[in-house]
Each structure stands twice: as C-alpha cells, then as structure tokens.
Amino acid sequence: MQLYSVSQLLKQENTLPEVEVKGWVRTFRANRFIALNDGSTLKNIQCVVDFENTDEDLLKRITTGAALHIKGELVESQGKGQTVEILVNDLEVLGDSDPEAYPIQPKKHSFEFLRENAHLRTRTNTFSAVMRLRSTLSYAIHKYFNDNGFYYMHTPIITGSDAEGAGEMFKVTKLDDKNPPLDEHGNVDYSKDFFGKETNLTVSGQLEAETYAMSLGKVYTFGPTFRAENSNTSRHLSEFWMIEPEVAFMDLPGNMDLAEDFLKYVLNYILENNKDDLDFLEQRLINEEKTKPQAERSDMTLIEKLKFVIDNNFKRVSYTEAIDILRNSKPNKKKKFKFPINEWGSDLQSEHERFLVEKHFKCPVILFDYPANIKAFYMRLNEDGKTVRAMDILFPGIGEMVGGSQREERLEVLKEKMAALDIPEDELWWYLDLRKYGTAVHSGFGLGFERLVMFVTGMGNIRDVIPYPRTPQNAEF
Ligand code: 4AD
Ligand code: MG
C-alpha cells in the first residue's frame, strides 16, 4: 500500500484499490463523511466511513482536529463537490483532539482570535492558503535571481555597525544587565562584551551586500531584519524578511527596470502555480468587500489586481512632480491630509503615497530623486546638489513596497555626507574601501517580503502573513 498526500489523491484520474493517507479531521458529518486535510492543498479529501461496521468508540474519536491514518479504496465520488473519495477500510486515530477544547471549530473565527492561536491557525483555509503562497513566493524570488545570474549572499544578522540609519536597533549583549562593566566616564563598557564592541540585530543587509556586488557583480540577500521602532500599524513588523539585490555597474533607471521586472515575474509565478489558494483568497476578499460601504469597495478582485500590475508599466514620477501633484490635490486644498503638503522637501506620509497610487495614478508608482536630507547617507547625490538617486515603489493598498537607490560611489562625496551626519569613518572603513579600490556605479533595493505577501494574498494586516509576528509588546510563540 502506498502513502499519498491529499493533493496527489485529488489529482488521480483512475480509481485505486489501495491507498493510504494521513491528515487532520476538518469535519465529520453524519457519522459517515470525514473531510480530511493534510496541508498539501487547500482542498480536503472526503473519506467515507462504513459506520455500521465500525466500532462506536472509534467513531466517537473522529473529532475535528484529530490526526488520522486512513487506508481504503479511492473511488469516483457519488456526492457533489469532489471527483474522488476514499471508502475507508481501516482507520487509526493517531492523535485525539478534545472537541470541547479544540480552539479551531468548523466555523468562522476572527483574525484577532486566530492571531492568539497562531500555532493552530494554519489549520484554517485562509491561513494555510496564505502560508502556502508565502512559501511559493520565496521560491519564485530565489528562482528569479538564480535564473538571472545573481548569487545568494547570507549577510550577517548580528552587526557591529549601526550606521545604516534605517531605524532603531535591538541591542545584542551578554553583559550582566544588573551590573554591567563601566568605563572611566561611567558608561557601559562594551569592550568587555561578547564581541568586544557594541552589537545589534541588523536593520538591513545592504552595506555588506554592496561589498559582494563589488566583486561578484550581481548578488541578493533574503533574510530577517529587525527594527525597534514603536510602530503599531498594519504594515510594520519588528522582525520582517527583506529581499535586497545589489548590482555593480547598474544605475538608477536600471535599478527601476530590475525591480519592476522582478515584481512582475514573482506575481506571475504565483498566478501560474497557486490557483486554488488564490481563488480561495479572492473569494474571501469578495465576501469581505460586501460588508463595506459601496464607496470603499475595490473595483478589482484580487486576481484582477495582480494581473493589472503584471500588464501595466509602473508609473515613474520624480519627487518634485509628486509634490506638485499633492500640493494641488483636492485633499490637500480641503485640508483633508493630516500632514498638509506645503513645500518642497517635506517627507511623504503614507496618506500621500496612497493618494498618489490609489487616487491619482491608480497603478504602482516609482517615486525617484528625493531630497537628500530625508534619505540615507549612502544614496548618490544628483548634480543639483539637493536630491539623491533614491527610488521608492508604492503599491495600491500597501504603500511603500520597495526602497532603494543608486549608491554614492565617490569617496570624497561620501565622506562629506558621513561627516555632516556624524557617522564615524572608522566604523565604516570597509564600506569606504569599496570607494577606494575600483569604485563603480552600483545600485540596489530592498523589498519588504511581508508587504509583498500582503499584496498577493489581499490580507489587510501584516501580522497575518508571517507565522509568528513580532510587534511592540508582542513576542508570543
Ligand atoms: O526602505 P527601507 O528601510 O530600505 C532599506 O533598508 C535599504 N537598505 C534597502 C536597500 O536599498 N537595500 O526598507 C525596505 C523595505 C520597505 O520598502 C518596506 O517594504 C520594508 O522594507 N519595510 C518593512 N516591512 C515590514 N515592517 C517594517 N517595519 C518595515 N520597514 C521597512
Ligand atoms: Mg524606505
């Protein structure tokens, strides 16, 4: 007898006299019909129990959540909703599940409740679909880069440089917090710490990725990054995964082309490979939309949105043009923005990004050439002396999906910038070395993986697209 996954069984075109399957009970109806799921697909396999010839105590143990080992015959289904089903010959309960206590009842649960039960939430259709899509997306990302000549680089997670400036960091220390060693000024003496210096969890692998781009040519990182900001929004995590390609001899327009091509590729990969999960999530969203007032409803379904992004060029707009559009926009004139746009130079808030993407352009937008003083030190200064070759890619419903730039390759300009921002040169001596030995134009970007998963799945809260979200005041599991 051969063990099959539910997904394999549902693909069978012929009946099979002897099959075996293991999974968890989703529902058990009429003492006869088990809907069994093993995670291999959204769908369940129906297993039909001959209850007249089955021990009553055994029947009682077939409860929602229980783990079963089933042997039987795969036959054409008599009922509606499935093509094949299993006539059970032999059934073993591998693990019981107390029906009174099991949190995941066969009914609709709120996402808040399921977040509290995140260890069990992938036993629901929604979360299993989301996490299967997340898995396929990571595969598609690796495939894209591999097929296009990029090397996968593992950048460090513990970092000794905190100069990136991307955000607040989490300290990594082995010092005794009750009695840390102090230096002569009374400050904590990190030279006595584990690494002999102050260390943190990384906010980005970019600076290290640049070192490899300047030798291996095309590289990317895909790993966890950490930000200790107190942002309690539906789009921020304290621990999230970031994809960061970095390419030598590539300028900002090349960087935009790469990001756009890459995003379209992975979205298309999902459309071609995860139809069942996408269809399910699309339907979920359609039902959710029905509960909203007409004006707030989306005019596209989930799959239409994905196709729209794949089929249309991203709109490329300079920061300066964007400011003009925003300044003259209705919500700005009617004082509807929480942060009114008055002058060139102000940072864009998510309300502005969303206006540009959702109301004005109605498609993904690449904003570029931002004011130097609202962007990181390493971005290439433009000839105007006041803007840098930065780019942010904004997506409908999400806001900022990608942040990147052409990097400053001129040693003197970079040093000046660092000095102005009080970034010590000795901390980034190795980064400056890249500008001393064979410097060249190079560029890269960072894509927030969970924001991409949100877009693909239509989930509204970033906490629902990562297995165990870390957010301020929350590190359960
Ligand atoms: O814009 P960010 O901060 O850029 C960097 O870190 C650069 N070093 C990237 C590079 O050029 N290699 O972050 C990049 C992306 C954002 O556009 C956003 O999608 C995501 O990472 N991101 C977050 N996602 C979830 N939670 C957070 N707290 C995030 N902060 C940024
Ligand atoms: Mg950014």
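How many of the 7 residues of strand 14 (residues 365-371) are buried? The answer is 6, so that strand 14 is mostly covered; buried means under 20% relative accessible area, exposed over 50%, and partly exposed in between, with a 1.4 Å probe and protein chains only.

This is a predicted model, in which local features need pLDDT of at least 70 and side-chain atom pairs count only at pLDDT 80 or more, while totals for chains, interfaces and linings use all residues. Residues are numbered from 1 along each chain as its sequence is written, chains are lettered from A and ligands numbered from 1 in the order in which they are written, and side-chain values use heavy atoms, with hydrogens and water left out.

**Figure 1. The whole protein.** The protein has 14 helices and 17 strands. Helices (H or I, at least four residues) and strands (E, at least two) are DSSP runs, numbered from the N terminus. A box of roughly 85 × 60 × 45 Å, taken along the principal axes, is filled by the C-alpha atoms. Of the 477 residues, 49% count as buried.

**Figure 2. Strand 14 and its two partners.** Two strands pair if DSSP finds at least two bridges between them. Ser 318 has Phe 368 of strand 14 as its bridge partner. Strand 15 (residues 387-395) runs antiparallel to strand 14, with 6 bridges between the two. Here Phe 368 stands opposite Met 391 of strand 15.

**Figure 3. Arg 389 in strand 15.** Arg 389 is a residue of strand 15. Why does Arg 389 count as buried? Its relative accessibility is 18%, and therefore Arg 389 counts as buried. The side chain of Arg 389 makes a polar contact with the side chain of Asn 382, at 2.7 Å. A polar contact is a pair of N or O atoms within 3.5 Å; within protein, one must be able to donate a hydrogen and the other to accept it, and residues adjacent in sequence count only if both atoms are side-chain atoms.

**Figure 4. Polar atoms at ligand 1.** A nitrogen atom of ligand 1 lies 2.9 Å from a polar backbone atom of Leu 237. An oxygen atom of ligand 1 is 2.6 Å from an N or O atom in the side chain of Glu 400. For Met 401, a polar backbone atom is 2.8 Å from an oxygen atom of the ligand. On its own, ligand 1 has 630 Å² of accessible area, and the protein covers 92% of it. Accessible areas come from the Shrake-Rupley method with a 1.4 Å probe; for residues, only the protein chains shown count as cover.

**Figure 5. His 442 in strand 17.** His 442 lies in strand 17. At 1% relative accessibility, His 442 counts as buried. The side chain of His 442 reaches the backbone oxygen of Ala 440 at 2.9 Å.

**Figure 6. Strand 4 between two partners.** Ile 45 and Cys 47 point one way from strand 4 (residues 45-48), Gln 46 and Val 48 point the other way, and all are buried. Strand 3 (residues 33-37) is antiparallel to strand 4 and joined to it by 4 bridges. In this pairing, Phe 33 has Val 48 as its bridge partner. With strand 6 (residues 84-95), strand 4 pairs in the parallel sense over 3 bridges. There, the bridge partner of Gln 46 is Glu 85.

Figure 7. The strands follow the order 8-10-9, and their pairing is antiparallel. Strand 8 (158-159) and strand 9 (171-172) are the edge strands, each pairing on one side only. Between strand 9 and strand 10 (residues 199-201) there are 2 bridges. Lys 171 has Asn 200 in strand 10 as its bridge partner.
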